Amino acid sequence: MGRRGPKSRPKVRFIEPAEKRYPVPPRGMSKNARTVFHRVVRAFPPDHFRPYQYDLLRVFSEASALHKKSMSEINKNGAVITQSNGITKVNPWVDISAKAASTMTSLSVKLSLTVNATLANRGKVPEAPRPKSKRDGLLFGGKKPKRT
C-alpha cells in the first residue's frame, strides 16, 4: 500500500479580534461639546453607536454646549432685558436656549439616549399588561349561543 490521503497542513492560526474602542469626537468641535461627546459615548458600550450616528452625536453635543452657554448668559443678565432706550424685551439667549433644548430632545430620541429607549434596548423594561377587552371571545372562538 502506498501513502494514503493528503499531507497534513500547517496549523490554522486564529487572528484575535480588534479591541472595541469608543468613537473619537470629530475635529472642529468646541471644548465643551467634546466633553459632552465623551460623557454620552462612555455611558454606553463601545459598539453602541454606529458610524452613521457620529454626526448626530456631534450635533447633539454642540447643542448641549450651546444650551449651557445660553443658560449662563440668562443667569447673568436675566430672562428679560432693558435696552438703552428703555424698552424691555425677552433676552435673545432665551430663544437660543429653547432651540438648543429642542434639538437635544429630538436627537436624544433618534440616538436612543432617553431612559425609555435605553432600557427597552437593553431588555429591562417589561411590557405593560394590556387591559382585557370587553369584546374578547365575541369573534373566532367565542361561545356560541345554544339553540333550542
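Biologist: Hi! Quick one to start: does Asp47 count as buried, partly exposed or exposed?
Modeller: This is a predicted model, and in it Asp47 counts as partly exposed, because its relative accessibility is 34%. Buried would need a value under 20%, and exposed one over 50%.

Biologist: Which side chain does Asp47 meet in a salt bridge?
Modeller: That of Lys20, at 3.2 Å from N to O. The pair links distant parts of the chain, 27 residues apart: Lys20 sits in the segment before α1, and Asp47 in the loop between α1 and α2. Lys20 is exposed, with a relative accessible area of 57%.

Biologist: How many salt bridges turn up in the whole structure?
Modeller: Three. Besides the Lys20 and Asp47 pair, Glu73 bridges to Lys76, with the closest N and O atoms 3.5 Å apart, and Lys99 bridges to Asp95 at 3.4 Å.

Biologist: Where do Lys99 and Asp95 lie?
Modeller: Both are in helix α3, four residues apart, which is about one turn of the helix.

Biologist: And why are Glu73 and Lys76 about one helical turn apart?
Modeller: Because they are three residues apart in helix α2. In general, an α-helix has 3.6 residues a turn, so residues three or four places apart point the same way. Still, Glu73 counts as buried at 17% relative accessibility, whereas Lys76 counts as exposed at 59%.

Biologist: Changing topic: which residues of α1 are buried?
Modeller: Ala33, Val36, Phe37, Val40 and Val41. Seen down the axis of α1, they fall within an arc of 125 degrees, so they line one face of the helix. On the other side of α1, Lys31 and Arg39 are exposed.

Biologist: What covers that buried set?
Modeller: The cover includes α2.

Biologist: What does Phe60 touch?
Modeller: Leaving out residues up to four places away in sequence, its contacts are Val36, Val40, Met104, Leu107, Ser108, Leu111 and Leu113.

Biologist: Last one: how many aromatic pairs are there?
Modeller: One. Phe44 and Phe49 pair edge-to-face, 5.4 Å centre to centre with 85 degrees between the planes. Both Phe44 and Phe49 are buried.

Notes
Residues numbered from 1 in each chain as written. Predicted model: local features only at pLDDT ≥ 70, side-chain atom pairs only at ≥ 80, totals over all residues. Heavy atoms only, no water. Phe/Tyr/Trp six-rings, centres within 6.5 Å; stacked < 30°, edge-to-face > 60°. Buried < 20%, exposed > 50% of the residue type's maximum accessible area, 1.4 Å probe, protein only. Contact = heavy atoms within 4.5 Å. Helix = DSSP H or I, 4+ residues; strand = E, 2+ residues; numbered from the N terminus. Arc of directions from axis to C-beta. Salt bridge = Lys/Arg side-chain N within 4 Å of Asp/Glu carboxyl O.
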